[in-house]
Amino acid sequence: MKDKTLTRLGICEAIYRQIGLSRKDSLDIVQNILEKKANSLSNGDDIKLSSFGSFLIKRKKSRIGRNPKTKIEAVISERNVVIFRPSMQLKNKINTD
Amino acid sequence: MKKSELIDQLAKDYPHLYHRDIEKVVDVFYNSISEALANGQRVELRGFGAFSTKERGPRIGRNPKNGERVAVPRKKSVYYKPGKELKERINSSN
C-alpha cells in the first residue's frame, strides 16, 4: 500500500467502503467531480476548496524560449496554466510525522 | 467554484442520492487524496493531473521585516502537475 499510486479506482474503493455507494455510482461520481472541475477551470473560473486547496488559472504571456538540447530559440506562445495552492490544512497534514 | 457549488452541481446529476451522501463523497474524495499524500504516495488522476510531495531541505531564511536570520526546518510540499487533457482544455476555449 505504501508505494502504490492512488488512482480513480482507489478513491472509488474508499467511497464504496466508507459511504456504501455502489462501485458503479462511485466511479461515476469521481469522474463527474473531475469533469466539473475541468469544466470550471476551462471557463476561467478558479476552484476553492477550503480544506484542500485552490486551483487557479493563470494567463502566461508569450516569451522567447530555447530548446535546451539544440539551443535554438523558439517563441513560447501565450497560454493558460493551472496552479495548485495547497491549503494550510493540507500542508500541515503532509508535514505531521 | 467553491465546494458547496460543486456539491450542488453534483446533486442535480444524482437525484436518487441524498444531498448529505454527496457531501460525504466529496469529502472522502479529497480526504483520500490528502491521506495518500500524507503517506508519501503519489496520486494520479489521468487527464486531470497528478499530485505528489516534494521534500524541501532545511535552510536559513530571513525575516523580511527586520532581516533577522531564522532557521527553516525541512518540510514537504505538495506538487501538482496538470494532465495533458486539462492543459488542452484550458487553452482551447476562450
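1. In this note a residue is called buried when its relative accessible area is under 20%, exposed when it is over 50%, and partly exposed in between, with a 1.4 Å probe and protein chains only. By that rule Glu44(B) is partly exposed, at 22% relative accessibility. This is a predicted model, in which local features need pLDDT of at least 70 and side-chain atom pairs count only at pLDDT 80 or more, while totals for chains, interfaces and linings use all residues. Residues are numbered from 1 along each chain as its sequence is written, chains are lettered from A and ligands numbered from 1 in the order in which they are written, and side-chain values use heavy atoms, with hydrogens and water left out.

2. Chain A contains an open sheet of 3 strands in the order E1-E2-E5, with antiparallel pairing; strands (E, at least two residues) and helices (H or I, at least four) are DSSP runs numbered from the N terminus, and two strands pair if DSSP finds at least two bridges between them. Strand E1 (47-49) and strand E5 (79-86) of chain A are at the edges with a single partner strand each, so one side of each has no neighbour in the sheet. From one strand to the next the twist averages 25°.

3. E1(A) and strand E2 (residues 53-60) of chain A run antiparallel and are joined by 3 bridges, and Leu49(A) stands opposite Gly53(A) in E2(A). Helix H2(A) packs on this sheet, touching E1, E2 and E5 of chain A, and its direction makes about 130° with that of E1(A). Contact here means heavy atoms within 4.5 Å, and the angles, on a scale from 0 to 180 degrees, are taken between N-to-C directions of lines fitted to C-alpha atoms, for helices over the stretch in contact.

4. Asp25(A) lies in helix H2 (residues 23-42) of chain A and deserves a look. What does Asp25(A) touch, not counting residues up to four places away in sequence? The contacts are His16(B) and Leu17(B). Asp25(A) is buried yet has no salt bridge, the nearest side chain of opposite charge being Lys24(A), 5.0 Å away; a salt bridge requires a side-chain nitrogen of Lys or Arg within 4 Å of a carboxyl oxygen of Asp or Glu.

5. Over all chains, a search of the whole structure finds 11 salt bridges. One of them joins Arg59(A) and Glu78(A), with the closest N and O atoms 3.1 Å apart. Arg59(A) lies in strand E2 of chain A and Glu78(A) in the loop between E4 and E5 of chain A, so the pair ties together parts that are 19 residues apart in sequence. Glu78(A) is partly exposed, with a relative accessible area of 47%.

6. In chain B, Asp27(B) and Lys3(B) form a salt bridge (2.7 Å, N to O). Asp27(B) belongs to helix H2 of chain B and Lys3(B) to helix H1 (residues 3-13) of chain B, so this pair ties together parts that are 24 residues apart in sequence. Arg42(B) forms a salt bridge with Glu44(B), the closest N and O atoms being 2.6 Å apart, and Arg42(B), Glu44(B) and Arg46(B) are linked in a network of salt bridges.

7. Two backbone features remain. Lys71(A), in the loop between strand E3 (63-66) and strand E4 (73-76) of chain A, has a positive phi near 65° although it is not glycine, and Lys71(A) is exposed, with a relative accessible area of 61%. Most residues other than glycine have a negative phi. In chain B, H2(B) is followed by Gly40(B), whose phi is also positive, near 85°.

Note on methods:
Lys, Arg positive; Asp, Glu negative; His and termini not counted.
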